[in-house]
Amino acid sequence: MSSEFVITGASGGVATRLEINDFVRDEKFFSLYVQAFQAMQDSEQDQTQSFFQVGGIHGLPYIPWAGATGDRDPDTTWGGYCVHGSTLFPTWHRPYMMLFEQILQQHAVAIAQTYTVDQEDWLAAANALRQPYWDWARNAVPPPEVISLTQVPITGPDGQRVTVRNPLYNYRFHPIDSSFYAPYSSWPTTLRQPTSNRPNAQDNVTRLRRVLQSAQTNITFNTYSMLTRVRSWRAFASHTVGDGGSSSNSIEAIHDGIHVYIGGNGHMSDPGVAAFDPIFFLHHANVDRMISLWSALNPGVWVANGDSEDGSFTLPPETPVNATTDLTPFWNGESTFWDSSATVDTTKLGYTYPEFVGLDMGNTAAVRTAIGNAVNRLYGRIFTGFEATSAEAAQPEAERSAQPVVEAPAEVVQPEAERVAEVAAEVPAEVAAPVEAEAQKPFAAFAERSIPRSIPRSIPNTNTNSNSNPPPAQRAAAAPNCGMYDWTARVEFKKYELGVSFSVVMFLGAVPEDTDDWLISDNFVGAHHAFVNMAAGHCANCRNQSGIIEEGFIHLDKAIVDQSGLHSLNPDDVIPYLKDNLRWRTNGEVAQLESLEVTVIGTPLNYPPGAMFPVPGEPHRYDTITRGRTGGSRHLESERLFPANVKLTKMIAALNSANPAANPAILASFGAQPNIAEIKTKVNQIASGKIWIKDAFPDPFATQGATDLSGKTPLITFGDVFYSTTTTIEGAAGTIIHEASHALAGTVDYFDPNGKPYLQGTPVPKDKVAAGILVGYKDSNLPALIAKASQNMHHNADSYRVFAELVR
């Protein structure tokens, strides 16, 4: 066999990956893990199965791993395997984790064979050993065995307790690789939240704890929203633009934030060196778990077709990718690679997660209910004003810093076995016991307020995924039950504009002068993080994506409740508050990121009887909150979309009335012989379709509006008159509907002298006057055209504009 290393995952059948707080309390698992991980780290760095080589797959030193090669990049000696920003991001990391787990277990089995006391039990533990995960959504601060103890006690091969170096704390390079750039080229170990960029920098464990504690609400809210509101693979998988209308972060965006929170200016915040930090694999095991949870809630939804963005060393740019695309460099045979279609079922890969233990995986409805119960119990209480924290997170800072080298505390979180039993017992019963009344109190007032309907920036798509509203038999009651708004700051920027990882940080109120205080300030709300390679020029995927736009969302509700003193989350109360108090900064300077655009979105949420999760209404962009400020909204048209959608609703109601042909608005728009069936069809097409609206800069070639049908999705632009302050709201709404009817319903503006429409694709004579062309515009000869050819007016775009203006 050649240099290929075939990845099979851990051996010994299906075993459960445990949460790290539970894992460190298992004497055999933890003792074997520490020794096996240390053996990986001690392996010579040029060995294929060494920790250095496995970590190097993710980024530096940009050399081939196990013979997986591709086309050479003309600008560098190696382009890298990274697929960040691609729809393959979640599944690419799944065989990566399998590889790490496989090598780790091989070391553990060999170590167990050296035990002279209870060797059979230690071998059984080694065969069941799996990589633990760190559930940052529930416990943002890992236990001391991960972040603060440089040495840990374990049980050695002779059965005696012994204190050893802790391989989870950091990795010691032997030597520092020559490919490393500053500051990593002068740091002998990996660092988290380093005290400086100088060679003598140290870990700042106290700051790391404080940053993670401060971020807990943001992380939990992001995770719960992603799991309960994101329904498409594209929106789930990647931080590139396209949230599917959910105002929720992708798993990649949440993942990016954890990297930056942990790293600060250290290794974890740079994709080129992140995988050398041992916490990387705890983090990515939880990312993998999130794939399993989300997939269980969205059965049948898997890797969507897309493209490779700008590619990598083994994946050419703009290449179509799908569930069968090779996940290089992860071999599953002597000449073939793993692909996403082979990674759906983790039990076939040798592992599962606690939430799935005891479930009949063939019963997708029961699995969905059980996982929904687990998600609500673990993360749903963020909606009721509080969330669970670990004992480590709650422990006073002074006590944590002085903690001796001892075993993990007896109680950190609820034991995983108990949680598994609860999940199994809850299928398909209700989720959890009611939350204490006092805990619900802050949000109780919001449930009493009416929730007005809001409208999205684009013409809405009323077709919803069936998974978002399952039949009653597939639902479970949910603990948080408070009608409310989800207020979210949407952040958009060019990912590689600054050339380093950075954060867009949100505040309500004053911004601390010292940038070191931003992430731990009482006014800190949350942040969205760009996870960027500092040497992007050496990574083909990173270098070529220099213009790639990234988006993310920061949920504001809990901060508004805690800091505003408001008694409602309704727009009338929240909009003026956010105008006065919402602030943001980027890496020290508000003006540094020229591509930054911050907008605020409000989405009504409700709990219909029997719903498993909060049910979102139509989101609405409130651009006036941030417009006019550096990095604020650049859009104007969204304010005019609200009335346009209201008009569409009224138009549909009029067409569905008992005698629509007698409706005055329809008669004035389409004449005495309207084709109601065709008009209804086209209005429904407008209401259920999707259009793109170009940034709000007047189109010099359009007076009111113009529609471009040349792309995959119709693009609409508007002219000076549309943006003029003299244009009424109803007039602007009519213009939007006029252009949308072109884009989505195939309407036209021109008719021949006999009233026959020039349908889309039919050339219109250049000299319209000489040809006697009739124009269907309201301000031209619409009345005459209606009188001549009422039966053809369902083809006329401006008839829909007039209908929208007149309907009541």
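Helices (H or I, at least four residues) and strands (E, at least two) are DSSP runs, and their numbers are counted from the N terminus. With this naming in hand, the present report describes selected features of a predicted model. It begins with the loops, then turns to the helix pairs, the sheet and the salt bridges.

## Local features of the backbone

Most residues other than glycine have a negative phi, and most peptide bonds are trans. Some places in this model depart from that pattern. The loop between β3 and α7 holds P183, and the peptide bond that leads from A182 to P183 is cis, with omega near 5 degrees. P175 is found in the loop between β3 (161–165) and α7 (205–229) as well. The bond from H174 to P175 is cis, and its omega is near 5 degrees.

Another residue of interest is D118, located in the loop between α4 and α5 (119–128). Its phi is near 50 degrees, which is a positive value in a residue other than glycine.

## Pairs of helices

| Helix pair | Axis distance | Angle |
|---|---|---|
| α2 (27–42) and α4 (89–112) | within 8 Å | roughly 115 degrees |
| α7 and α11 (364–379) | within 10 Å | roughly 165 degrees |
| α9 and α10 | 11 Å | about 160 degrees |

How are α2 and α4 oriented to each other? Angles of 65 to 115 degrees count as roughly perpendicular, and α2 and α4 are therefore roughly perpendicular to each other. The crossing in which α2 passes α4 is right-handed. On the side of α2, the contact is formed by L32, Y33, Q35, A36, F37, A39 and M40, which meet F100, I103, L104, H107, A108, I111 and A112 of α4. By class, the residues of this contact are twelve nonpolar, two polar and no charged.

For α7 and α11, the cut-off that matters is another one: angles over 145 degrees count as roughly antiparallel. The helices α7 and α11 are therefore roughly antiparallel to each other. Their crossing is left-handed. Here T220, T223, Y224, L227 and T228 of α7 meet V375, N376 and Y379 of α11. The contact of α7 with α11 comprises four nonpolar and four polar residues, and no charged ones.

The pair of α9 and α10 is therefore roughly antiparallel by that cut-off, and α9 passes α10 in a right-handed crossing. The residues that make the contact are I251, H255, I258, H259 and I262 in α9, together with I279, F280, H283, H284, V287 and M290 in α10. They divide into seven nonpolar, four polar and no charged residues.

## An open sheet and the helix across it

Strands of a sheet pair through backbone hydrogen bonds, either parallel or antiparallel. In what order do the strands of the open sheet follow one another? The sheet has three strands in the order β11-β10-β13, and the pairing is antiparallel. Strands β11 (524–530) and β13 (582–586) stand at the edges with a single partner strand each, so one side of each has no neighbour in the sheet. From one strand to the next, the twist averages 20 degrees.

Strand β10 (residues 502–508) pairs with β13 over five bridges, in the antiparallel sense. Within this part of the sheet, V504 stands opposite T586 of β13.

## Salt bridges

Side chains of opposite charge can pair when their charged atoms come close. How many salt bridges are counted in this model? The count comes to 14 salt bridges. One example joins D288 and R17, whose closest N and O atoms are 3.5 Å apart. D288 belongs to helix α10 (residues 279–297), while R17 is in the loop between β1 (15–16) and α1 (20–23), so the pair ties together parts that are 271 residues apart in sequence.

Methods. Residues are numbered from 1 along each chain as its sequence is written. This is a predicted model: local features need pLDDT of at least 70, side-chain atom pairs count only at pLDDT 80 or more; totals for chains, interfaces and linings use all residues. Side-chain values use heavy atoms; hydrogens and water are left out. Axes are lines fitted to C-alpha atoms, for helices over the stretch in contact, and angles run from 0 to 180 degrees between N-to-C directions. Angles under 35 degrees count as roughly parallel, over 145 as roughly antiparallel, 65 to 115 as roughly perpendicular and the rest as oblique. A crossing is left-handed if the near helix is turned anticlockwise from the far one by less than a right angle, and right-handed if clockwise. Contact means heavy atoms within 4.5 Å. Ala, Val, Leu, Ile, Met, Phe, Trp, Tyr, Cys and Pro count as nonpolar, Asp, Glu, Lys and Arg as charged, and the others, Gly among them, as polar. Two strands pair if DSSP finds at least two bridges between them. A salt bridge is a side-chain nitrogen of Lys or Arg within 4 Å of a carboxyl oxygen of Asp or Glu.
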